[in-house]
Amino acid sequence: MLLHIGIDDTDSPNGMCTTYLGALLYRELSRIAEPIDLPRLIRLNPNIPYKTRGNGAVTMSFEADEEDISEIKNLVLFYVNQLADFEHENTNPGVAFLEGKVPGELREFSLKALREHVTIEEAEEVARRVGAEVFKFKLGRGIIGALASIGYQLKRFTYELLAYREPENWGKPRRVNPESVFLADKWAYPFSYDNVDPYKRSVLITPHGKDPVLVGIRGIDKGKVLQVFERVEFGEPVAFYQLYKTNQNTDDHLAPKKIGELRLYDSAVVRGRVAREYWERGRHVFLEIEDETGKIRVAAFEPTKKFRNWVRKLLPGDEIIAAGGVKEHEGVLTLNLEKFYPVKLVPKIEYKKPKCPKCGGTMKSKGNYLKCKRCGFKMPKKLVPVEVPRDLERKIYEVPPDARKHLSKPLVLPGGEEKLLELL
Ligand code: ATP
């Protein structure tokens, strides 16, 4: 009998990680039943407000004997009961079980949870219709992710190796030799990526919270991912590790939409015209884009750092393809940019002083008139329009690695442009 298990929302900023619980369970359950493939780490809509970090849920499938099914389910519920961080008000675990083939309706629900906002009631209704069993702890919001992860069709996937710490080290600084990470990354890039930020010279594989994760190593080639792990030097023991298959860095969350269709928490790609000059507040850069269905504010927030410089170069009338998540900022629906592609750029005109009509010399401004520096010729001040280069190429601009969403596909990966260029 095929048994699918989904788990979500067991962690909080104070500790735990659903992947840790999942990895322990995967080992334990593999003794009782035959695992079908690796466990899967499924990232859902990155814009929903309840997430702790990356809105990740964990799912795994087994071929199990009929008589072992209830033992397996009890073990899963026991682990969640023992390990979830129930203290935190925003931790509302959920578990889902489904026996047999995944129905189409669950696949659809999964896509909705990836790209839009769904409610606990909707999840319960879908579970009832597809015959999945769900278990709610506290509010039980986790059943949304638990169910959606089971229904997720991992057509595109990458890998992440997660190595975990001994419990006595949880909450202490992580001891990983940065030089070894840079060397391993150089060797494996881009088959394993996002290990370091080469511009900031910082290590990206170590999280910063109190959770049990020591490092997470990502890649499209599992052999390379494992070898990066072997090359990294640790200054503390690795309790154990687990390779996950995941939808991270696939751009699966981005759905092509018209601007007028955008709703709060959507993840989408739109094509539109820049409606007005950019403006800044704090260190955030804002634009407004429009198409025939509506207008939306677009933002490149401070953490996107140098990416903002590219946004500042856009002019009213430019046409761009923009990808990102819809959030509310200061009460206004705003598309938080992950990437953009300039489709059409208007000419940039600057008004400059003409050359001296008599000798070709350089003119100097003197109040209302211009005077030639060389021959002294004077004339009324009349500036001439000159077209200047736009400094933007026809390529995709993306936020830096540490500001990137888990689901966003780095351009260095094969097909990194696909989702945006679909709208060309
Ligand atoms: P991780 O730390 O593993 O990266 P996370 O801790 O950020 O993930 P969760 O703890 O999983 O996030 O919390 C996210 C919550 O939001 C879960 O309860 C999940 O069921 C719920 N959820 C997931 N997708 C949606 C959605 N599309 N709409 C509404 N709620 C969702």
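Guide: Let's start at Lys295, which sits in strand β16, residues 294–300 (helices are DSSP runs of H or I with at least four residues, strands are runs of E with at least two, and both are numbered from the N terminus). The model is predicted, so to speak: local features need pLDDT of at least 70 and side-chain atom pairs count only at pLDDT 80 or more, while totals for chains, interfaces and linings use all residues. Residues are numbered from 1 along each chain as its sequence is written, and side-chain values use heavy atoms, with hydrogens and water left out.

Leaving aside neighbours within four places in sequence, Lys295 is in contact (heavy atoms within 4.5 Å) with Ile259, Ala275, Glu288, Ile289 and Glu290. Gly272 is 23 residues away from Lys295 in sequence, and their C-alpha atoms are 8.5 Å apart.

Stepping back, the domain assignment (automatic or from a database) gives domain 1 (2–151), domain 2 (158–246), domain 3 (255–347 + 390–404) and domain 4 (349–387). The C-alpha centres of domain 1 and domain 2 are separated by 25 Å, and their contact takes 19 residues from domain 1 and 15 residues from domain 2. About 1,600 Å² is buried between these two domains, 63% of it from carbon and sulfur atoms (buried area is the accessible area, with a 1.4 Å probe, that two parts lose on being put together, summed over both). On the domain 1 side, Tyr20, Leu38 and Leu41 lose the most area to domain 2, together 35% of what that side buries.

Between domain 1 and domain 2 the count is 1 salt bridge (a side-chain nitrogen of Lys or Arg within 4 Å of a carboxyl oxygen of Asp or Glu). The side chains of Lys245 and Asp37 meet in a salt bridge, 2.6 Å from N to O. Two elements, α1 (18–29) and β2 (34–43), each give two or more residues to the side of domain 1 that touches domain 2; the largest share, 7 residues, comes from α1.

Strand β2 also belongs to an open, mixed sheet of 9 strands, in the order β5-β4-β1-β3-β2-β11-β6-β10-β7 (two strands pair if DSSP finds at least two bridges between them). At its edges are β5 (133–136) and β7 (192–193), each pairing on one side only. Within the sheet, β1 (residues 2–8) and β4 (residues 94–99) run antiparallel, joined by 6 bridges, and Ile7 stands opposite Val95 in β4.
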